[in-house]
Amino acid sequence: MSIMGTRVVRVEDPRLLTTGAVYTEDLRDPRLTGALHLTFVRAPMAHARILSIQTADALAFPGVVAVLTAADLGMEPMPPAMPMFTQTMTTSLLATDTVRFVGDAVAVVVTETAYQGQDAADHVHVEYDHLPALIDLREAASDAVLLYPQAGTNTVFAMGPAELDPELFAGCEVVVTQEIVNQRVAAAPLEGRAAAATIEDGRLIMWVSTQAAQDAKGAICRWLGIEPETLRVITPDVGGGFGAKIGADPDHAVVGAVARHLGRPVRWTETRSENMVAMTHGRGQLNTVTIGGKRDGTVLAYRLEILQDAGAQPRIGAVLPALTTLMAPAVYAFPKVEVKARSVVTTTTPTAAYRGAGRPEATHAIERGLDLFAAEIGMDPGEVRRTNLLPAFTEPHTTATGAVYDTGDYAVALDKALAASDYPALRAEQERRRAAGEEKLLGIGLSVYVEITGQAPASEIADVELRPDGSARVLTGTSPHGQGHATAWAMLVSEETGVPMDRITVEHGDTDLIPVGGGTFGSRSLQQGGAAVRQATRELVELARQRAADLLEANPDDIVVDTARAGVHVAGSPDAGVSFAELAAKEPLQVHTTFTSPGPTFPFGAHVAVVEVDVRTGKARLERLIAVDDAGTILNPLLAEGQRHGGYAQGVAQALIEEVRYDPEGNPETSTLATYPFLGITDVPSFEPVDMATPTPYNTLGAKGVGEAGTIGATPAVHNAVIDAVAHLGVRHIDMPTTPMRVWSALRAAEAAS
Amino acid sequence: MIPAPFSYVRADSVDHVLSLLVEHGDEAKVLAGGQSLLPILKMRLARPEVVVDISRLSELAYVRVEGDEVAIGAATRHREVVDSADLQRDVPLLPYVASLVGDRQVRHRGTFGGSLVHGDPAADLPAAVLALGATFVIQGPAGRREVPAPEFFQDYFQTAVGEDELLLEIRVPRVPGVGWAYEKFTRRANDWAIVAVAAVDNRVALANMSMTPMRAVAVEAALAGGASAAQAAQAAAEGTSPVTDMHADEEYRGHLARVLTERALVTAAGR
């Protein structure tokens, strides 16, 4: 019986729930014996010139081995790694002459024990000359204050037409426009950033909490100016990443630099307060949406103008508008789409990928925009969407922005979501409460989405070995940090070979063992890493059949897989067989392969959110989330649903509550978990996932990515629902997060206007 | 998130605590459940030289019916308040409010007296004991004294407990059958209140509407004058001075105080 598509329980969990994970801080590797502890000295202000750094007082503290600055470590400003960025925006691992955000690393204190570090760090005296903070994106775009004077601009990256098309909305009966904030949020994984480093036989060995060891290695080599063969990166257990742990941060490289400088092992684990200001943030777009069309609901033209907050340094966040641009046309057959994007630096924590990374912003902009258009013409939001959806397709569809969608049937996804929610009944209940003058109003919000997964890299490796003891070992270039790859990859091998699940081990994240690998992000792992494991396993079985044919003196074509014995036999003669273990005993049975996808895949879905808004206090509470997420063929529903549920919670939280905030001077206001709010299990309902599976032809599993679906679909649905609840009172738009005070203020403003 | 260095002493009796407090004065901090003190230490908002741990003084952990009152030991955990059958019967407001303090882990560690003596105007229990008319029993080098609730909360994070004193016990009147309610407005279940209102009969107390928890005297006066719940609640923001923070400005807090007071009074009247 096939285990494909079944709810195989996670093989990772017994260890995680008993002896526990071994995170970077937990490592008791003998190579780290006597490791020193590193504490960063970080800028306490948003923007300043460094006049001097006095380290003498700190050096006198007990346990202090060294206090090091950029000058001590020979760090020089370097241009950004991405060639499309403004190359004169140079930064160094530790600040040389200027700090540009609260949390910018200025120096490091190295101590014998971890607790000695903060005391000494408090006594590294840095003399600053204040410079103006730059928080507002429009002000940043005006270049009135420059973060990098030598660049002459705050723009890191721009794309789209030089001039907007003045005729874009010609012929439209209705044109609506709205500025929509997609606010900055924190990834805040349970395990913050951490690294450990040592020198072994002249090589730098680093343990890094990362989503991609190979990327981390590349980045650290570049920053430290060392050759790839002189660095090995190992990934211990990783307690969440959400995109903010792709590759390595400059702070990780500093740990390596200090180990090389001192010739001793060094470790660093950031505190939560440090994580909240110094790990990259996500989102941070100011979008201007303009939609024009006819009163029958047909949209004729869509314009999206993106202003992305890159934060203080040109990092991944600055390039995300490219993904927002690519996905701007979304699920719709709009005749004309125009997107113009620009990323600017500000005196805030740098931004990078965060669950969805550029695609949630695209979905949010159009889904909020469509509701505004629907409200303007007095049409049901579901009907407006249906009017403009692309028809179902099985041949690739190329969009106005050049995306090539593989397969999709958006109307069915919308229909399923509306049916599962009993949409007409919800509308009737909404009307009843309004008519009765009840205090708890009902809001219903929709979103239909398509996203891009597995975009880059397009290839992934797998190495599968069947061993003489009957076990199997899988090496993968993907990098699990909670997803359950050990379970999923073992299912793929077990299915093809009959090797029991508990005899299959999956290894990842050691650049000596696995020099090439893409890591885990962008919802790529199953469709590329899993596809590679299946390809390797099938190649391995083919190899076994060839060898068995020789052994059994049969035609290879007559050799069939016998999963009951974890081997093969001659067709029609089950007794004339041999196990993989026996074959492996004669000669190693191992295959290393690379799977390359013909292209990225485009999962899609539709969400219906139901919220209750207290019309007197403005507080919105999510009552239901009905979510159709089509990620192609599902290998393990348990794992897929886990990804969906977690994504929903994060997506809902962005709509309702989460926001990284700065005061006008650039001081973070949300740098602890007392001030930065997540939604917990008590704050969300039991989600209602609805299944739909349209396979992709791009891999033999039929799988698309599912890891980011939740944040892409849920945020606009919940956001729309909150506004829908109070739309009849004259409220047109409320920016996220839709906090009680914001909703209350919008209600008061609407009341005053009427 | 790493505290500055401090010495740690585990006290073995109330007298031991008091002698340490006399010895170290404002350089000492009392640790009970640690749910407020430890974050403050880790954020280096406080740098005491000595931390005096009273968490194992079982003589300070009890709930006892004594005449017309229930006496609660200062080091009684929130969970014990939640689970107390005596309190559920005689002072049902307190177990309910205690059930809203933090999350389950916080309620197993944090103490009733610790939350009160911390003097956080946004905390739940101070408003509740104010509405109940509790009495605080405080021990110092000069002996034992009793302080009524309105005099206990003196300023922002400041109570009547002096630096050489220890809160021993909180006495609350038994009010079986009396209407009560607690309306807590938060963004999330486990948060501090943005605004909260406690009502016991016609006594109303507000959380987070001033530098201290406070009685809504204008509301109480209106009720005494025969006003309806809705009418009286309109006076809920009178005399308040709430802060403006990222959750709410002064005007919104005033509005919430009015709405929550009305709801609390209606609920209390229905019990």
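1. Domain bounds here come from an automatic or database domain assignment. For chain B that assignment gives domain 1 (7-53), domain 2 (58-173) and domain 3 (180-269). This is a predicted model, in which local features need pLDDT of at least 70 and side-chain atom pairs count only at pLDDT 80 or more, while totals for chains, interfaces and linings use all residues. Residues are numbered from 1 along each chain as its sequence is written, and chains are lettered from A and ligands numbered from 1 in the order in which they are written.

2. Chain B as a whole. Chain B holds 12 helices and 14 strands; helices (H or I, at least four residues) and strands (E, at least two) are DSSP runs, numbered from the N terminus. The radius of gyration of chain B is 18 Å, close to the 18 Å that the globule rule gives for 271 residues, so chain B is as compact as a globular protein of that length. That radius is taken over C-alpha atoms, and the rule is 2.2 Å times the number of residues to the power 0.38. The C-alpha trace of chain B spans about 55 × 45 × 35 Å along its principal axes.

3. Of the 271 residues in chain B, 51% are buried. A residue is buried if 20 or more other C-beta atoms, placed from the backbone, lie within 10 Å of its own; it is exposed if there are 12 or fewer, and partly exposed in between. Two residues are in contact if their C-beta atoms, placed from the backbone, lie within 7 Å. Among contacts in chain B between residues at least 6 apart in sequence, 61% join residues at least 24 apart.

4. Domains 2 and 3 of chain B. The C-alpha centres of these two domains lie 21 Å apart. In chain B, 22 residues of domain 2 are in contact with 21 residues of domain 3. On the domain 2 side, helix H5 (93-98), helix H8 (124-132) and strand E8 (153-155) of chain B each supply at least two residues. The largest share, 7 residues, comes from H8(B). By class, this side of domain 2 of chain B has 17 nonpolar, 2 polar and 3 charged residues. Ala, Val, Leu, Ile, Met, Phe, Trp, Tyr, Cys and Pro count as nonpolar, Asp, Glu, Lys and Arg as charged, and the others, Gly among them, as polar.

5. Between the chains. Contacts link 15 residues of chain B with 20 residues of chain A. Helix H12 (residues 250-269) of chain B gives the most to the chain B side, with 3 residues. That side of chain B has 11 nonpolar, 2 polar and 2 charged residues.

6. Domains of chain A. The assignment for chain A gives domain 1 (23-133 + 191-278), domain 2 (281-453 + 600-753) and domain 3 (459-596). The C-alpha centres of domain 1 and domain 3 of chain A lie 39 Å apart. In chain A, 16 residues of domain 1 are in contact with 15 residues of domain 3. H5(A) gives the largest share of the domain 1 side, 4 residues. The residues of that side divide into 6 nonpolar, 7 polar and 3 charged.

7. Helix H11 (residues 410-421) of chain A. At 1.5 Å a residue, its 12 residues should span 16 Å, and the end C-alpha atoms are 17 Å apart, which agrees. The expected span is 1.5 Å times one less than the number of residues. Buried residues of H11(A) include Tyr410(A), Leu414(A) and Leu418(A). Among the elements that cover the buried residues of H11(A) are helix H10 (381-388) and helix H12 (423-436) of chain A.
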